[in-house]
Amino acid sequence: MEKSAVFKGKLLPYLLLVPQLVITLVFFYWPASQAVWQSFLREDAFGLNSEFIGLENYQALLAQPEYYKAMATTVVFSSLVAALSLSIALLFATQADKNLKAAPTFKVMMIWPYAVAPAVAGVLWLFIFHPSLGTMARPLRMMGFNWNPMLNGNHAMALVVMAAVWKQIAYNFLFFLAGLQAIPRSVLEAGAIDGAGPYRRFWTITFPLLSPTTFFLLVVNVVYVFFDTFGIIDAVTGGGPAGATTTMVYKVYADGRLGGDLGGSAAQSVILMVIVIALTAIQFRYVERKVQY
Amino acid sequence: MVEHRRWNDILAYAILTFGVFIVVFPVYVALIASTHDAATVVNGNMPMLPGSHTLENYYRAIFIGGSRASREPVGHMLMNSFVMAMGIALGKIVISILSAYAVVYFRFPFRQTAFWIIFVTLMLPVEVRIYPTYKVIADLKMLDTYAGLILPLIASATGTLLFRQFFMTIPDELLEASRIDGAGPFRFFKDTLLPLSVTTMAALFVIQFIYGWNQYLWPLLITTQESMQTIVTGIKKMLTTTDELAEWQLAMATAILAMVPPVAVVVFMQRLFVRGLVETEK
């Protein structure tokens with residue numbers, strides 16, 4: 001789509017673009033290309049010497065069992081968070097879509113966690129489920145369940161999943177509700193006249209009509225889990241115990257900072273970039289972006 | 001509604017109330033913890049009703065900081081977070097409304113190239129290029145500065161796309177009319193486009209303020225001085241003290257303080273928030 005009426009200007013449009021282009025080039029393209037370049041270098045810990053080593057960083061990375069573990073962790077973490085937060089949000093959204101008097105109040109009450117920082121959400125859940133002082137730890141132990149996310153990898157994973165789902169429900173709820181409200185009532189009425197009950201109407205009419213929203217949210221959620229949950233993981237588990245909650249993004253951070261392996265960290269960054277670009281391409285290619293509010 | 005059944009409404013209320021309970025519970029517990037003294041919180045059997053140390057805890061957190069390892073007072077962290085969030089939100093609005101204006105209302109060589117250069121940044125969050133960006137900031141001597149906290153995070157395309165989309169919906173007749181009135185690009189921008197864009201700017205502001213306030217990894221990396229710490233990174237540091245006795249009641253008071261500004265923005269500017277959220281995703 002193009003405007004037919006435009007200004008003629010020789011210099012002005014470039015001046016208008018300068019601030020954004022400068023910031024983008026300096027803080028985006030330059031570092032991104034550095035990441036690619038660094039992934040082919042071996043650098044000593046002080047950054048004094050570097051040597052071109054081709055694909056060795058990638059080979060070393062792909063020979064690391066920890067890297068595959070981080071991949072597996074990321075897959076498990078993303079699937080759990082996406083599946084749980086989407087289905088819980090859909091359940092709440094379908095209820096809020098009914099003509100209830102208190103629906104607006106419920107809506108506000110459901111969406112505000114969007115504004116809570118992931119790291120803060122992590123700290124809140126850590127406090128509730130802290131093995132020694134957490135409010136929920138004692139009841140869990142009384143039920144004979146030896147709860148300890150500091151030592152048990154599965155417990156740690158459960159805890160970060162809970163915090164991540166808790167935060168993401170708000171976003172999914174909002175978009176599902178918007179999607180539900182965009183479905184024409186007449187279609188549902190037609191279904192009702194044909195004798196379909198609420199349950200059948202949901203699965204045969206509402207859910208299929210909602211699929212663009214669902215697919216859009218699926219991609220958004222995966223991206224969320226990849227990147228935004230860094231704060232949750234760092235605040236709750238620090239990637240532990242024994243790497244049980246180290247996702248790919250967390251490993252980029254940990255290897256570069258704690259391990260000082262900048263080349264390996266850069267190689268991981270490049271792999272992540274490829275994954276994100278693929279995800280974004282999928283989103284653009286297949287998602288009908290007609291989410292209405 | 002297609003049909004109205006009483007049990008259906010009751011079920012909806014029950015499910016939604018349960019949902020609100022889940023959503024509110026962690027914050028309620030944090031709120032309660034921030035009103036008790038350290039001993040009550042640590043013993044693992046904290047009451048579920050407010051205690052009597054509210055003022056003391058919040059006073060200590062805001063003005064003194066989490067004792068021991070000379071932590072920064074939270075009041076100061078709040079200020080840092082505020083400057084960062086405002087800087088990111090306003091900075092993004094300014095640079096993106098200008099670039100969108102250029103891309104939509106002018107024809108010039110490399111227009112498409114400029115648009116694509118900006119557009120590509122949509123795909124890569126700061127997390128994947130974290131160390132090279134850190135190095136750029138270090139080379140520019142911007143570690144521990146507000147500029148270092150703000151600038152890398154406004155390098156993204158969301159704002160430009162949002163304004164571009166909005167400008168496209170503005171009828172061409174408006175431009176022609178102001179041309180007849182003798183307005184140049186500057187007057188048209190100031191007198192016609194800006195007033196029309198107020199809602200879009202406000203919606204973008206709300207989203208970007210929350211985004212900026214909640215940043216974690218970036219401030220964690222580039223702030224080494226305690227005086228530059230933001231509140232979101234500060235909480236974690238309160239809990240990773242070397243001695244075992246992290247002061248959870250202060251950390252929870254800080255968590256509450258960290259939530260109040262962005263949550264208030266969502267609750268009180270709900271319409272703008274929803275609009276911003278939906279439109280930045282399109």
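Visitor: Which residues of helix α5 (residues 111-120) of chain B are called buried, and what makes a residue buried or exposed?

Guide: In this helix of chain B the buried residues are Ala114(B), Phe115(B) and Ile118(B); a residue is buried if 20 or more other C-beta atoms, placed from the backbone, lie within 10 Å of its own, exposed if 12 or fewer do, and partly exposed in between. Helices here are DSSP runs of H or I with at least four residues, strands are runs of E with at least two, and both are numbered from the N terminus. The model is predicted, so local features need pLDDT of at least 70 and side-chain atom pairs count only at pLDDT 80 or more, whereas totals for chains, interfaces and linings use all residues. Residues are numbered from 1 along each chain as its sequence is written, while chains are lettered from A and ligands numbered from 1 in the order in which they are written.

Visitor: How do you know that the buried residues of α5(B) line one face of the helix?

Guide: Seen down the axis of α5(B), the buried residues fall within an arc of 100°, so they line one face, the arc being that of the directions from the helix axis to the C-beta atoms. An α-helix has 3.6 residues a turn, so residues three or four places apart point the same way. On the face of α5(B) turned away from the buried side are the exposed residues Gln112(B), Thr113(B) and Trp116(B).

Visitor: What do the buried residues of α5(B) pack against?

Guide: They pack against α1 of chain A, and also against α4 (74-105) and α8 (158-168) of chain B; contact between two residues requires that their C-beta atoms, placed from the backbone, lie within 7 Å.

Visitor: How many residues does each chain give to the contact between chain A and chain B?

Guide: Chain A gives 83 residues and chain B gives 82. Helix α1 (residues 12-38) of chain A supplies the largest share of chain A's side, with 18 residues. That side has 62 nonpolar, 15 polar and six charged residues, where Ala, Val, Leu, Ile, Met, Phe, Trp, Tyr, Cys and Pro count as nonpolar, Asp, Glu, Lys and Arg as charged, and the others, Gly among them, as polar.

Visitor: Why is Tyr253(A) called buried?

Guide: Tyr253(A) has 23 other C-beta atoms within 10 Å and is therefore buried. Tyr253(A) lies in helix α12 (residues 248-257) of chain A, and, leaving aside residues up to four places away in sequence, touches Ile130(B) and Leu217(B).

Visitor: Where do the two domains of chain B come from, and how are they bounded?

Guide: Chain B is divided into domain 1 (6-64) and domain 2 (74-281), with bounds from an automatic or database domain assignment.

Visitor: How does the radius of gyration of chain B stand against that of a compact globule?

Guide: A compact globule of 282 residues would have a radius of gyration near 19 Å, but chain B has 24 Å; the radius is taken over C-alpha atoms, and the globule rule is 2.2 Å times the number of residues to the power 0.38. Chain B has 15 helices and zero strands, and 47% of its 282 residues count as buried.

Visitor: Why is Asp144(B) called partly exposed?

Guide: Asp144(B) has 15 other C-beta atoms within 10 Å, so it counts as partly exposed. Asp144(B) is found in the loop between α6 (130-139) and α7 (146-150) of chain B, and has a positive phi of about 55° although it is not a glycine.
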